[in-house]
Amino acid sequence: MAEMDPQHTKWVMVIDLDRCNGCGACVTACAMENNVAFTGEEENAYGRGMHWLRIVRYWVGEWPNVQVRFMPMLCQQCSNAPCEPVCPVFATMHSEAQELNIQVYNRCIGTRYCANNCPYIARTFNWFDYEWPEPLNFHLNPDVTVRRRGIMEKCTFCIQRIRAAEEEARMEGRPVRDGEVQPACAQACPTEAIVFGNWQDPNSKVRELAESQRGFRFLEELGTEPKVIYLSSQKHEF
Amino acid sequence: MQETTLPAELHERVEELREEHLLLDPRPREEMNRMVLEAMEDVNREYIIVMTILGLVTAVTLFGAWGYLMSKGLGLAGIRRPIYWGLFIVSFVFWIGISHAGTFVSAILRVFKAEFRRPFTRAAELMTTFALAGAGLYPLIHLGRTWRFYWMIPYPNQRWLWPNFRSPLVWDFLAINTYLLGSTMYLFLPLIPDLAMARDKSKGWRKVLYTILSFGWRGTEEEWRHLQKAIQIFAWAIIPVMFSVHTIVSWDFAVAMKLGWHSTIFGPYFIVGAILSGISAVGFILYMIRISVKNMRYFIRPEHFDALGKLLLIISMGWAYFFFNEFLLEWYGGEHTVQEILRYYTTGDMAPVWWTMVICNILIPWLVLWNKNWRRKPWVMALMGIIVNIGMYAERYVIVVGALSRNRIPFDWGWYKPSLVEISIALGTFTLFFFLYGLASRLIPLIPVWEVEEGHHAHGLKRIGKGVVKTVAELE
């Protein structure tokens, strides 16, 4: 982008697993915000669910002393993303402006190589052209493209909200304020487990949280440099 | 050698050698021409029935199912998260593998002057071309939006976008195209003198066809020199291309950040696997030609099955070596996810497929092929062709589907069941292959007559003292 903000932005998300109770509000909010297709019970059970965000569930311990752990899993917006180099048509690529891993739907021809190469299994594929059952068809978000069959999609960090906030800030001639951008999942989370913000802002809430002792990045050893930071007091379990 | 001057016991020995070796059993060129042309023009009722069935089955199971798939979406295939590649990619790797041996048998044996190749180089090269035609469909079939496949081609376009040259799929696309063009030309060059022969001896539409295809070949010394030179160049040049193609296919997997795929040995392992499935397929094809095409019993003899059998045994040992290396080192590494993948292969849901692979690729070939009597039986080699190819299909299934079923997030492990549409398309490529092969068997001379004749000139029998010895003359 030519008119890049003087203040460079690097959007990160912090997810506090100690606060997550696995309610799934984020999953629903994400689907509503991003026009995520509704694939039906049967297809979903077969692993064709389109959720950009899913709650990964782990059981810890042996019965009857079982504890459950939840881990919301979404595209980690890797700085060094494995999905990017394998795409033959540049449908998945890096946005220099927002430092996000973006998916260009129009370019995608559906090789699904990116999905195989994603260690977070974060990508979903449009197996069919999906219909939204009534009355959900009135609910489509006009800010987000509706995808057709045969292409890949994934979490965008609600880029439409980021862009809206950036434009507003630019019009008012100020940087984007901390907390001004909230992805749908963060907005819906009842326990405020999900926090979103700009890493470059030294006073931001994400910065403060991410530097806590409980912070870790998932599958960090792969060198993908994810931009989602999890917080957990039992981080060895993940 | 004048047979009349031979004593009776030597005469018997000569007869024996002639029956055994095609190259010691010369027939006049005219007769061989006639035999090959007769085989080519032998369009009988059975042939038409078989070809009609093959054609119809291909139209329905391959193209019909593919059209249905495109109109509804890829969801008709059984693939799902996290197994995004299924039977299509398995079949793709399988057919690329088959396509290898045609060129391998022909080019490698040609540059090393292995004489037993002479009658079946063409049959093997045809296998390469048609297997590639089948394989080449899969990268299109498996796309979510097949109608946009040309976006992978580097050409100046209104999108102002080159393909991503870092993507192994683009390497694939370029490698397969190179190989298809190269191997087709390599098939065509030695065909020219035979087409000219057919042109001189046929009438009607065939005459027109062969006149066009034989490029005005007259058989002057100059033309022969150029042809020999061109064949030499192509035979040498196609070998590295062939190696590169299957290595690049293996890189589709090996460069991925996927445990079970990310293996440095995949390049040579895939090449050996490809040659294994291809050589055994040549055995099957030769058997089919021998039993179903006229006059072929003269050209294709037990000695050829014997030679292929030996080659197959060695390649099977080579495959076992790479397989063992790959498995052992992965296991020794002790990575949790890899351990789980290997457990899934050997004792999990994938076990029937994995053990099929081991039995068909190692156990059965090793038990059968050491025995000369079995190697010499055409039907045994045809059966080996089927068995080894079942084993190699299983190998690709294990690698593609098995590895994808297990990943670093146990919550997202999955299983996969091929759907009817997928199975139908996979079977459709087999019928397509046999249909194209059947068509070619009546359109072009299946036996390179001039190469066989060349062999006849080079090989002979000589009486020395009280015995008969085989002699070989260097031609070039």
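Tutor: A:G215 stands opposite A:L231 in strand β10 of chain A, a strand that covers residues 228-231. The model is predicted: local features need pLDDT of at least 70, side-chain atom pairs count only at pLDDT 80 or more, and totals for chains, interfaces and linings use all residues. Residues are numbered from 1 along each chain as its sequence is written, and chains are lettered from A and ligands numbered from 1 in the order in which they are written.

Strands here are DSSP runs of E with at least two residues, numbered from the N terminus. Strand β9 (residues 215-216) of chain A is antiparallel to β10(A), with 2 bridges between them; two strands pair if DSSP finds at least two bridges between them. β10(A) is also joined to strand β1 (residues 11-16) of chain A, this time in parallel and by 4 bridges. Within that pairing, A:Y230 of β10(A) is the bridge partner of A:I15.

The side chains of β10(A) go two ways: A:V228 and A:Y230 point to one side, A:I229 and A:L231 to the other. All four are buried, that is, 20 or more other C-beta atoms, placed from the backbone, lie within 10 Å of the residue's own.

Terms used. A residue is buried if 20 or more other C-beta atoms lie within 10 Å of its own, exposed if 12 or fewer, and partly exposed in between; C-beta atoms are placed from the backbone.
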